[in-house]
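Take a look at the structure below. Keep it open while you read.

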Amino acid sequence: MIFLKTEDEIELLREANLLVGKTLAEVAKLIQPGITTGELDRVAEEFIRDHGAIPTFKGYPNQDGDPFPGSLCTSVNEQVVHGIPSDKVVLKEGDIVSVDCGTYINGFCGDSAYTFCVGEVAQDVKKLLKTTKEALYLGIENAVQGKRLGDIGFAIQQHCESNSFGVVREFVGHGIGKEMHEDPQVPNYGKRGYGTLLKRGLCIAIEPMITLGSRHIIMENDGWTVRTKDHKYAAHFEHSVAVNAGKADILSSFKFIEEVLGDKAI
């Protein structure tokens, strides 16, 4: 069932999502060769809780009912999504890491993700990140009243595939509100003019998951981590948005991250 949000509810969603953006900025300050994803996770959880919120990912069950152990998903290089933070995972020069974060405060959820470079990365990998981020905003341009879900997916797919990148099919964006995952599902592929009609007050998380090589993926034995089948890098950017007339309202923000990164931002 799809729940359209009131203006007051959208403001509560914005509060949760801006906290995600500020949390990701705290993480951005630490990303460099030698840091562990476990340390990133501890800093994020402390920051979220210090601001009166709960990290929604921690304890979230997978399809087998196993709880996610971290407050962040930290997916390194060929990991697409849902990488588990660990003190055994040390970031090194040339890596990329997608950091996905969720918060729960005042009854509503925030959800956003950003893929970071660790030191200097290869040019083809930079292009992957840049294209994925561009695709996110092209998808958002189509999240307006009167369009359809397929318009969002088409815009993302067209941009990424025209740059010879793969578009993951098995994992998609989603509605967001009082629950982290609500209807509808928001694929990163689709046909113009097809799918659910977008109405004002619909709040969705749009999150392109794009690969440097084949789009095919594998689930690791931990029951969480998704990686590319060919071990080539993958990128992931995500915003939560509210559908509006004329222009989507982006509830999350990369502004805080990009203030930290400066000219190193993608």
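This report goes through the cores, a hairpin, the aromatic pairs and the charges over rings.

The model is predicted. Its largest nonpolar core holds 52 residues. Which of them touch the most other members? They are Ile-31, Phe-116, Ile-152 and Ile-206.

Take Ile-31. Set aside its neighbours within four places in sequence, and Ile-31 is in contact with Leu-40, Leu-91, Val-97, Val-99, Phe-116, Cys-117 and Val-118. Another core lies apart from the largest one and has 13 residues. Among them are Phe-68, Cys-109, Trp-224 and Leu-251.

Six aromatic pairs turn up in a search of the whole structure. One of them joins Phe-68 and Trp-224, with ring centres 5.0 Å apart. Their planes stand at 75 degrees, over the 60 that edge-to-face requires, so this pair is edge-to-face.

Where do Phe-68 and Trp-224 sit? Phe-68 is in the loop between strand E1 (54-55) and strand E2 (72-76). Trp-224 is in the loop between strand E11 (217-219) and strand E12 (226-228). The pair therefore ties together parts that are 156 residues apart in sequence.

Are these two residues buried or exposed? Phe-68 has a relative accessible area of 3%, under the 20% cut-off, so Phe-68 is buried. Trp-224 comes to 10%, so Trp-224 is buried too.

## A second pair and a cluster

Tyr-114 and Phe-254 form another edge-to-face pair. Their ring centres are 5.0 Å apart, and their planes are at 85 degrees. Both residues are buried.

Tyr-114 belongs to strand E5 (residues 108-117). Phe-254 lies in the loop between strand E15 (249-250) and helix H5 (255-261). So this pair ties together parts that are 140 residues apart in sequence. Ring pairs also link Tyr-114 and Phe-254 into a cluster with Phe-116, Tyr-137 and Phe-237. Phe-116 was named above, among the residues that touch the most other members of the largest core.

## A hairpin

Strand E7 (residues 173-175) and strand E8 (residues 182-186) run antiparallel. How many bridges join them? There are three. The two strands form a hairpin, with six residues between them. Within this pairing, His-174 stands opposite Gln-185 in E8.

## Charges over rings

Two tyrosine rings have a charged residue over the face. Arg-169 lies over Tyr-189, at 5.0 Å from the ring centre. Lys-191 lies over Tyr-194, at 5.6 Å from the ring centre.

Definitions and conventions. Residues are numbered from 1 along each chain as its sequence is written. This is a predicted model: local features need pLDDT of at least 70, side-chain atom pairs count only at pLDDT 80 or more; totals for chains, interfaces and linings use all residues. Side-chain values use heavy atoms; hydrogens and water are left out. A nonpolar core is a set of buried Ala, Val, Leu, Ile, Met, Phe, Trp, Tyr and Cys residues joined through side-chain atoms within 4.5 Å. Buried means under 20% relative accessible area, exposed over 50%, partly exposed in between (1.4 Å probe, protein chains only). Contact means heavy atoms within 4.5 Å. Two strands pair if DSSP finds at least two bridges between them. Helices (H or I, at least four residues) and strands (E, at least two) are DSSP runs, numbered from the N terminus. Rings of Phe, Tyr and Trp (its six-membered ring) pair if their centres lie within 6.5 Å; planes under 30 degrees apart count as stacked, over 60 as edge-to-face and the rest as tilted. A charge sits over a ring if NZ of Lys or CZ of Arg is within 6 Å of the ring centre and within 35 degrees of the ring normal.
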